[in-house]
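Subject: Structure handover

Hello,

Here is the structure for you to look through. My notes on it follow below.

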Amino acid sequence: MADAEMNAMWELLTSLLLSGRTGVLLLLLATAAAIDVRSHRIPNWLVLSGAVYALVYNTVFPPWLHGTVLFPLAGLGLGLALFLPLYLLRAMGAGDVKLLAMCGAFLGPNEIWRAALVVLITGGLLGVVFVLANGSALRVYQNLTALFRVGLFTTLGGSAPSLRIPASVSAGRLPYGVAIAVGTAAYLVLHQLGSL
């Protein structure tokens with residue numbers, strides 16, 4: 001890569017970090033990820049203050065001419081709607097859903113769905129790394145086959161299957177705030193570089 005291209009790339013990434021919109025979002029995401037790793041919780045005060053900041057910032061400094069408060073509100077609503085089904089299936093915590101909604105308030109409706117796709121891919125990759133690092137790949141396989149068998153036979157028997165895994169046989173919990181932070185940061189960098 002030529003020096004001119006490298007300098008241009010660093011300028012783009014620096015503008016991403018120094019922006020009142022994306023720089024603050026990245027700071028909030030890093031904070032949420034660190035807290036999630038420590039406590040397996042994402043605090044409401046963090047998500048709420050981030051969402052309020054995004055609503056005010058994107059209303060006062062809209063990303064395009066004649067932007068209104070509808071931009072961050074639509075992003076917040078779409079961000080909430082994208083991960084809400086995963087919460088209802090108990091595949092994700094409420095804090096994770098609210099964190100993506102906060103990201104939506106920053107990014108708006110046109111970008112949050114693409115960022116959510118990158119987050120899901122990142123979460124899958126981090127999940128594989130997490131399982132391999134913990135040495136719990138066999139436990140994951142055993143849990144998945146047990147869930148499939150129980151689900152299949154219960155459904156064939158005419159009952160609703162229970163897809164809960166007892167904590168005693170769980171392979172562990174990935175703090176998904178990390179996946180949201182890393183995935184959103186990756187999306188922002190790729191978008192800033194014109195790759196996505």
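Which residues are exposed on the other side of H3? They are Trp 45, Leu 48 and Val 60, where exposed means over 50% relative accessible area, buried under 20% and partly exposed in between (1.4 Å probe, protein chains only).

Before the rest, two notes on the source. This is a predicted model, in which local features need pLDDT of at least 70 and side-chain atom pairs count only at pLDDT 80 or more, while totals for chains, interfaces and linings use all residues. Residues are numbered from 1 along each chain as its sequence is written, and side-chain values use heavy atoms, with hydrogens and water left out.

Helix H3

Helices (H or I, at least four residues) are DSSP runs, numbered from the N terminus. The buried residues in H3 are Leu 46, Val 47, Gly 50, Ala 51, Ala 54 and Asn 58. Seen down the axis of H3, they fall within an arc of 125 degrees, so they line one face of the helix; the arc is that of the directions from the helix axis to the C-beta atoms. H2, H4 and H5 are among what covers these buried residues, with contact meaning heavy atoms within 4.5 Å.

Leaving aside residues up to four places away in sequence, Leu 99 touches Leu 29, Ala 32, Ile 42, Val 47, Gly 177 and Ile 180.

Aromatic pairs

The whole structure holds 4 aromatic pairs. Rings of Phe, Tyr and Trp (its six-membered ring) pair if their centres lie within 6.5 Å; planes under 30 degrees apart count as stacked, over 60 as edge-to-face and the rest as tilted. Tyr 57 and Phe 61 form a tilted pair, because their ring centres are 5.1 Å apart and their planes are at 45 degrees. Phe 83 and Tyr 176 are edge-to-face, with centres 6.4 Å apart and planes at 65 degrees. This pair links distant parts of the chain, since Phe 83 lies in H4 (residues 70-88) and Tyr 176 in H8, 93 residues apart. Phe 83 is buried at 1% relative accessible area, and Tyr 176 is buried at 14%.

Regards

Methods
Helix = DSSP H or I, 4+ residues; strand = E, 2+ residues; numbered from the N terminus.
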